[in-house]
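Let's walk through this one together, a question at a time. Have a look first, then read on.

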Amino acid sequence: MTLIDNATGIAGAGIGKSVVTLSATIDFIKGAKSGEFVVATAEIRSMEDSIINMVTNLYSSDTSTIFATGMSCMFIVDKFSDIDKTHP
């Protein structure tokens, strides 16, 4: 859960938005082995005035194994003035 939450925050920051989690639904598919490197991704699916919806995934480092997938709803609390990006 922590990795997914961090990935959504980074995705928000990547488009200049400071976000907090409103809700997250995570489906845990398989456990990672102790010491295994895990990659978290977050993809923005939609953005309104104050809400961003994202799809999230946890993979093995070679992306051959998916450990978890989910949806996160993020609330935009502020913007980073030094990052001039918008979601297409």
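Q: Is Ala-32 buried, partly exposed or exposed?
A: This is a predicted model, where local features need pLDDT of at least 70, side-chain atom pairs count only at pLDDT 80 or more, and totals for chains, interfaces and linings use all residues. Residues are numbered from 1 along each chain as its sequence is written, and side-chain values use heavy atoms, leaving out hydrogens and water. Buried means under 20% relative accessible area, exposed over 50%, and partly exposed in between (1.4 Å probe, protein chains only). Ala-32 has a relative accessible area of 40%, so the label is partly exposed.

Q: Which residues does Ala-32 touch, not counting residues up to four places away in sequence?
A: Ala-32 sits in the loop between strand 1 (17-28) and strand 2 (38-47); strands are DSSP runs (E, at least two residues), numbered from the N terminus. Contact means heavy atoms within 4.5 Å. On that basis, Ala-32 touches Val-38 and Phe-67.

Q: Is Ser-60 buried or exposed?
A: Ser-60 belongs to strand 3 (residues 51-60). Its relative accessibility is 3%, so Ser-60 counts as buried.

Q: Which residue's side chain is joined to that of Ser-60 by a polar contact of 2.7 Å?
A: A polar contact is a pair of N or O atoms within 3.5 Å; within protein, one must be able to donate a hydrogen and the other to accept it, and residues adjacent in sequence count only if both atoms are side-chain atoms. The side chain of Ser-60 also has a polar atom 3.3 Å from the backbone nitrogen of Ser-64. The side-chain partner at 2.7 Å is Asp-62.

Note on methods:
Helix = DSSP H or I, 4+ residues; strand = E, 2+ residues; numbered from the N terminus.
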